[in-house]
Amino acid sequence: MNLSRREQVTGRVFLIVLILVTLLPFVSMLSAALQPRGTVPTGLSWPSDPQWGNFADAFTAANMGALLRSSLLIVLGVVPVSVLIATMAGFGLGQLRVPGARLVFGLFLLGLTLPFEAVVTPLYYQMQDLGLLNTRWAIILPLIGLYMPFAVFWMRAHFTNVPVELSEAARVDGSSTWQLFWRVQVPLARPAIASLTILMFLWTWNQFLLAIVLVDDATKRTMAGALGAFQGQWGTDLVLLCAGSLLILTPTLIVFLIFQRQFIKALIQGSVKG
Amino acid sequence: MTSALGSAPTGRDERPARPTPTRAHRFRWARAAGTGWLYVLPALVMYAVFVLRPLALTIQYSLYDWNGIGVARWAGLDNYLTVFTDSDLLKIIGNAVILIVFFSFIPVALGLLVASLVRRITTGAFGTVVRTILFLPQVIPLVAAGIAWSWLLSSNGLINQVLRAVGLGGVARAWLGDFDTALPAVGVIGAWVLLGLCTILLVTGMSKIDPALYEAARLDGAGPVREFLAVTLPSLRQEIGVCLTVTIIAALASFDIVYISTSGGPGLQTTVPGLEIYRLAFSQRQVGLASALAVVLMLLVLACVLPIQRLTRGEKP
């Protein structure tokens, strides 16, 4: 079907407006970040003499090196483990169909709409009892648990759609369950695993609530949690705050731009499935 | 989490009928089942320890009067009574409900409008650029969105600059600090974050609609509006359900944006349950009340999301 010329034009104009609205906050932040330190920036005004050095100052003030390292450690602690155990559980529930699978799956479903706020208080005391408050473990361990409802749901949906005959054939060939899982099923599940990995990375990197509640030291938090502390510290210095915020969101932006196709696919699938 | 109850393919949930079990068979099967359980166990343990146990504790705390350190005193349903009678707490719950309009209805309605206009032009290089940019707010931390918008909406920010430029300087104000505008201003931030996701989801849904339906509608003499109501909207039931689910949860469980942009102020104008739970539990040391509010929030999410799931799931032509 052909669209009329008028529809084409209206559509394009709408999209361009939408893009501008989406980008404005970033551009406005950039223009503020480039003003001389100590001035009060207004709205959107490109400085005559852009102070790119503000970014260097913010890099030092935000302790970016330490923040990056901390976020990476947390992501490395959360994502591989979450993806692995969720894949195993999805395989067990969706492919092996262990007895009681429905019940267990229902239990996981229970957590699917759970707001993190609902469990953060007991988690605090739990971490205190375990002596893990203020360590990265206090973010890593609960996040793995909190991701399980979605991650298991996601992987199970994949494994229920893999024909059981495949597993049976592998068994006839004499492979153990572990070989079946590792050699046959995991390679087949790669696209589902990749999407899940992307989502887990993003949600971990951007996790705020757990970071500010369970870890006081900003350099042991996630990037988003550290940004909260940065705002507390430099909230009055708008130039530095804008520069620092832009720096802190740059890593995700870079990762997103590199993998944007996969990101969008994962996010769309993630919300449709989830 | 962007997740919600969904329309997952249920697949074959019934175990295929097993042949009459011989003893050897039964033994092998039992062993396989045992091994199968080992695969489920790690996920289940992490979930039980870091979600189910805390969840049970939240419910337990909600029945006590406890400051987090000293001895807890049994309070029965007193905390719940407070949640439902205290005017401040009711206002806070009301704020979250108002935010649904901004976080959910606006992105979905606007997303429908935009998506139906751009239905077919998101292909090619322009399409890639559009998709990438519209997704940016989904990718950056909500905290960063909060900071960026606090600056846009501040007294020296771009919004006021534009208003003054077009001679509406009288309207200019610190939007997030004004009693009348603070909550809608927070809502605008949420709408900005969620609009892109809704738009792209709806465009994707529309691209799956059979063009023959549109042809038929046109032949019947339907204009763009009729066409939208008769063809587009019904075909998008499921996608709209997903958008509503995701955005309503984002509205009710909002925390990051509010914490950064207003910390709940001015007064209680923008305080939402998530923020109040945090404040009650960690600054006021009223763990019992915080937990009761958490339970109420959880139930509120379910009460909003489950009917949508029922209404929009399945029955897709």
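## Basis of the model

Residues are numbered from 1 along each chain as its sequence is written, while chains are lettered from A and ligands numbered from 1 in the order in which they are written. Because the model is predicted, local features need pLDDT of at least 70 and side-chain atom pairs count only at pLDDT 80 or more, whereas totals for chains, interfaces and linings use all residues; side-chain values use heavy atoms, with hydrogens and water left out.

## Annotated transmembrane regions

For chain A, an unreviewed UniProt entry gives "transmembrane region" for residues 72-91, 103-125, 137-155, 192-215 and 238-259. For chain B, the unreviewed entry lists residues 36-56, 92-117, 129-152, 182-203, 240-260 and 287-308 under that name. These positions are in the numbering used here, feature names are shortened, and the annotations may be inferred rather than shown by experiment.

Helices here are DSSP runs of H or I with at least four residues, strands are runs of E with at least two, and both are numbered from the N terminus. In chain A, residues 137-155 are 100% helix and 0% strand, with end C-alpha atoms 25 Å apart. Residues 238-259 of chain A are 95% helix and 0% strand, and their end C-alpha atoms lie 32 Å apart. In chain B, the span 36-56 is 100% helix and 0% strand, with 27 Å between its end C-alpha atoms. Residues 92-117 of chain B are also 100% helix and 0% strand, and here the end C-alpha atoms are 37 Å apart.

## The contact between the chains

The size of an interface is often given as the accessible area lost when the parts come together. Between chain A and chain B, the buried area is about 9700 Å², and carbon and sulfur atoms give 74% of it. This area is what two parts lose on being put together, found with a 1.4 Å probe and summed over both. On the side of chain A that touches chain B, helix α1 (residues 5-33) of chain A supplies the largest share, 19 residues. By class, that side of chain A has 77 nonpolar, 24 polar and 8 charged residues. Ala, Val, Leu, Ile, Met, Phe, Trp, Tyr, Cys and Pro count as nonpolar, Asp, Glu, Lys and Arg as charged, and the others, Gly among them, as polar.

Contact, meaning heavy atoms within 4.5 Å, takes in 109 residues from chain A and 103 residues from chain B. Across the interface there are 17 residue pairs in polar contact, both residues at pLDDT 80 or more. A polar contact is a pair of N or O atoms within 3.5 Å; within protein, one must be able to donate a hydrogen and the other to accept it, and residues adjacent in sequence count only if both atoms are side-chain atoms. The count of salt bridges between chain A and chain B is 0.

## Backbone features in loops

A cis peptide bond, with omega about -5 degrees, joins B:G265 and B:P266. B:P266 lies in the loop between α11 (256-261) and α12 (273-282) of chain B, and B:T271 is also in the loop between α11 and α12. B:T271 is buried, at 5% relative accessible area; buried means under 20%, exposed over 50% and partly exposed in between (1.4 Å probe, protein chains only). Leaving aside neighbours within four places in sequence, B:T271 is in contact with B:I92, B:N95, B:G264 and B:E276.

Positive phi values occur at A:R97, near 45 degrees, and at B:R285, about 55 degrees. A:R97 is in the loop between α3 (64-96) and α4 (101-109) of chain A and is buried at 9% relative accessibility. B:R285 is in the loop between α12 and α13 (287-312) of chain B and is partly exposed at 28%.

## Salt bridges

Over all chains, the count comes to 7 salt bridges, each a side-chain nitrogen of Lys or Arg within 4 Å of a carboxyl oxygen of Asp or Glu. One of them pairs B:R173 with B:D178 at 3.5 Å, N to O; B:R173 is partly exposed at 28% relative accessibility.

A:R37, A:D57 and A:D237 are linked in a network of salt bridges. The closest N and O atoms of A:D57 and A:R37 are 3.2 Å apart. A:D57 lies in helix α2 (residues 53-61) of chain A and A:R37 in the loop between α1 and α2, so this pair ties together parts that are 20 residues apart in sequence. For A:R37 and A:D237 the closest N and O atoms are 3.1 Å apart. This pair links distant parts of the chain, 200 residues apart, with A:D237 in the loop between α11 (223-234) and α12 (238-258) of chain A. A:D237 is buried at 17% relative accessibility, whereas A:D57 is partly exposed at 35% and A:R37 is partly exposed at 36%.
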